[in-house]
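Subject: Structure for you to look at

Hello,

Here is the structure I said I would pass on. Please open it first, and then read my notes below with the chains on screen.

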Amino acid sequence: MMLSEHDRKRVQQMLGGMVNPVRLVFFTQSLGCESCRPTRQILEALAPLSDKLSIDERNFVLDKEAVGRFGVERVPAIAVVAGEDDTGIRFYGAPAGYEFSALIDAIVAASIGQSGLSDASRTQLASVTSPVRIQVFVTPT
Amino acid sequence: MALENARISSAIVEANEYPDLIARYAIDAVPKIVINDRSEMLGAQPESAFVAQVVESAREAAPTPQEP
């Protein structure tokens, strides 16, 4: 994906809010994955925009250890890792359109360790003691 | 929410790329939120409603206490 100069500056400005390093673990495969290549292009465009952001590419077929560790079920997938901590945040499919801005927001939130939720929400969420798996289905527009 | 509690995971899924998921979760409009493969919410949600549903889903997922 080519970012326009305007978008590139805007994204760079948003990533300027990063504090701690964030690693995007990108799961891909060479065959039978149409959107893996565009996803790589998007990540390659993103990475140079912050020295706190890194991309860690893994082969979905060959790297079974990482696939299992991150619980990734399909490609392309991006796992957001803050420092050494898996945030539990995943993106499936090429992060274009809505997903792109959600990815930038997730990177910055993970980097500063703040969800941006209200105190009331944070208190409620702290009480959760069983696993919860949230899936949000979106389309690019 | 995933940042607030390690037991919570959150996936943003580009639905068009996964026809099998569109079928499995009967997605005919977006955004659609599916929690623990059980509860569903359609359309953008106010934060408080979304959080309440997550907490409720966690409660449902909790193991029921065993009778002595």
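In chain A, β1(A), helix α2 (residues 36–46) and β2(A) make a right-handed β-α-β unit. Please keep in mind throughout that this is a predicted model. The two strands of the unit, β1(A) and β2(A), are paired in the parallel sense, with 7 bridges between them. One pair to look for is L24(A), which stands opposite I55(A) in β2(A).

β1(A) also pairs with β3(A). Here the sense is antiparallel, and 6 bridges join residues 22–28 of β1(A) to residues 77–82 of β3(A). If the two senses are new to you, strands of a sheet pair through backbone hydrogen bonds, either parallel or antiparallel.

Is β1(A) enclosed or open to the outside? Of its 7 residues, 6 are buried, so β1(A) is largely enclosed by the rest of the structure. A residue is called buried here if 20 or more other C-beta atoms lie within 10 Å of its own.

How do β5(A) and β1(B) run, parallel or antiparallel? They run parallel, and 7 bridges join them. Within this pairing, F137(A) stands opposite V13(B).

The contact between the chains involves 36 residues of chain B and 37 residues of chain A. On the chain B side, the elements that give two or more residues are β1, β2 and α2. Which of them gives the most? It is α2(B), with 8 residues. Sorted by class, the chain B side has 23 nonpolar, 7 polar and 6 charged residues.

Next, chain B as a whole. It has 2 helices and 3 strands, and along the sequence they follow the pattern β-α-β-β-α. The radius of gyration of chain B is 14 Å, whereas a compact globule of 68 residues would have one near 11 Å. Along the principal axes, the C-alpha atoms of chain B fill a box of roughly 50 × 25 × 20 Å. Buried residues make up 35% of its 68 residues. Among the contacts in chain B with a separation of 6 or more, 9% are between residues 24 or more positions apart.

Finally, some details of the backbone.

- The peptide bond from V75(A) to P76(A) is cis, with omega near -10 degrees. P76(A) is in the loop between α3 (64–70) and β3 of chain A.
- In chain B, a cis peptide bond joins V30(B) and P31(B), with omega about -5 degrees. P31(B) lies in the loop between α1 (19–24) and β2 of chain B.
- N36(B), in the loop between β2 and β3 of chain B, is not a glycine but has a positive phi, near 50 degrees. N36(B) has 16 C-beta neighbours inside 10 Å, so it counts as partly exposed.
- D37(B) is also found in the loop between β2 and β3 of chain B. Its phi is positive too, about 60 degrees, although D37(B) is not a glycine. With 11 C-beta neighbours inside 10 Å, D37(B) counts as exposed, because the limit for exposed is 12 or fewer.

Regards

Technical notes. Residues are numbered from 1 along each chain as its sequence is written. Chains are lettered from A and ligands numbered from 1 in the order in which they are written. This is a predicted model: local features need pLDDT of at least 70, side-chain atom pairs count only at pLDDT 80 or more; totals for chains, interfaces and linings use all residues. Two strands pair if DSSP finds at least two bridges between them. Helices (H or I, at least four residues) and strands (E, at least two) are DSSP runs, numbered from the N terminus. Two residues are in contact if their C-beta atoms, placed from the backbone, lie within 7 Å. Ala, Val, Leu, Ile, Met, Phe, Trp, Tyr, Cys and Pro count as nonpolar, Asp, Glu, Lys and Arg as charged, and the others, Gly among them, as polar. The radius of gyration is taken over C-alpha atoms; the globule rule is 2.2 Å times the number of residues to the power 0.38. A crossover is right-handed if, with the strands pointing away from the viewer, the path from the first strand over the helix to the second runs clockwise.
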